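Welcome! Please take a moment to look at the sequence and the 3D view before reading on.

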Amino acid sequence: MTVCLLLLSVVALTAAVPAPRALTRAAWPEREPVVGLWVWQCLVATVLLCCLAALLLGAAAVFQTVRDQVFAPAPPHVTAAYDLSAAPHWAAALTLLLACGAAWTTAMLTRELVEARRRRTQARAHLRERAPDLPAGLPAARGPLLVLEDEYPDAWWLPGHPPQLVVTTGALHRLTDHQLDAVLTHERGHARAHHDWLLHLSTALATGFPRVPLFAHFCEQTRRLVELAADDTASRRCGHLTTALALIELNQHRGVLSCASSHRLLGERVDRLLQPPPRLGRRHRALTTTVAALVPLVPLLITFAPGLTALG
């Protein structure tokens, strides 16, 4: 029992502090943003699983009712292998702390989802009032669009069922047909990959635990990598140059090439499209993905090891 809790704490601290700092210094996530997002998700899953497993073990050691429920299907010698009766004195404090953390995490996720739904409902109602019909000259093959009468060139997507693509008349006038295809493909890339769920999760965790390096970096990197991943989706279909020109035309009034910190990501995206970085090899990409997927299994292995040993 004590060994399991200590090992889970070590794994959680390693995944929450040094691992994200090393990952933010690495250059390969910019080359493979989809793989980078997967690795970040695996790190977050590892920490959450460590906390959940420690909470269950601690609660089983402190409360007999929880112990009976958790180990109900297990043979007596499996329960004895965890030695719950000899739990350390700090197990109760750790259990209380983890229970508070779980409740706080649930509250933050719920608040983020409720706020996102409220904003989305208001945005859709506002757009329905302002959007005219789709221009007859715009090919229907581009999919369902909501065209907003506005001189300000912009395009975005609203999550929901179904996701709604929105483009302003200013963007239609400024962009060529190929550039418009690149912009819409970029936005569809967000919708198909369900990037909104990643953004909600990362925002909720960073808001709830701002001093945890993993969650702070996860939020920052998610906002960056989802844009790079959508850029790759557009460039594969429409070409790197067309996508870069579309990005410049759509954001020129925002200072896309400015050195200001708020515009730095736009400049990096343009540079990346004009000079695409070398991609990881297929073997390296598969190896990285596989290793990242195995990391969340570590807390599960630690948790079930005593029971599996007893059964063996």
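Two strands count as paired if DSSP finds at least two bridges between them. Helices (H or I, at least four residues) and strands (E, at least two) are DSSP runs, numbered from the N terminus. The model is predicted, so local features need pLDDT of at least 70 and side-chain atom pairs count only at pLDDT 80 or more, while totals for chains, interfaces and linings use all residues. Residues are numbered from 1 along each chain as its sequence is written, and side-chain values use heavy atoms, leaving out hydrogens and water.

**The sheet**

- Start with the open sheet of 3 strands, whose order is β1-β3-β2 and whose pairing is mixed.
- At its edges are β1 (145-148) and β2 (155-158), each of which pairs on one side only.
- From one strand to the next, the twist averages 25 degrees.
- β1 and β3 run in the parallel sense, joined over 4 bridges; here L145 has L165 in β3 as its bridge partner.
- β2 pairs with β3 (residues 164-168) in the antiparallel sense, also over 4 bridges, and A155 has V167 in β3 as its bridge partner.

**What packs around the sheet**

- Contact means heavy atoms within 4.5 Å, and angles run from 0 to 180 degrees between N-to-C directions, using axes fitted as lines to C-alpha atoms (for helices, over the stretch in contact).
- Helix α7 (residues 90-130) packs on the sheet and touches β1, β2 and β3, with its direction at about 125 degrees to that of β2.
- Helix α9 (residues 177-193) packs on the sheet too, touching β1, β2 and β3, and its direction makes about 25 degrees with that of β2.
- In a regular strand the side chains alternate between the two faces of the sheet.
- Both faces of β1 are covered: L145 and V147 are buried on one side, and L146 and L148 are buried on the other. (Buried means under 20% relative accessible area, exposed over 50%, and partly exposed in between, with a 1.4 Å probe and protein chains only.)

**Salt bridges**

- A salt bridge puts a side-chain nitrogen of Lys or Arg within 4 Å of a carboxyl oxygen of Asp or Glu, and a search of the whole structure finds 10 of them.
- E268 and R224 form one of these, at 3.8 Å from N to O. E268 lies in helix α13 (residues 264-274) and R224 in helix α11 (residues 213-238), so this pair ties together parts that are 44 residues apart in sequence.
- R269 and E227 form another, with their closest N and O atoms 3.7 Å apart. R269 is in α13 and E227 is in α11, so the pair links parts 42 residues apart in sequence.
- R269 is buried at 7% relative accessible area, whereas E227 is partly exposed at 21%.
- D232 and R272 meet at 2.9 Å, N to O, and both are buried.
- Salt bridges that share partners join E30, R224 and E268 into one network.

**The largest pocket**

- A pocket is found on a 1 Å grid over the protein atoms alone: it is an open set of points with protein on both sides within 12 Å along at least five of seven lines, and lining residues have an atom within 4 Å of a point.
- The largest pocket has a volume of about 820 Å³, a volume being the space filled by probe spheres set on the points, which are joined across faces, edges and corners.
- Its lining holds 35 residues, of which W156, W157, E187, H190 and E227 lie nearest the centre.

Key: On a 1 Å grid over the protein atoms alone, a cavity is a set of points where a 1.4 Å probe fits but cannot get out, and a pocket is an open set with protein on both sides within 12 Å along at least five of seven lines; lining residues have an atom within 4 Å of a point.
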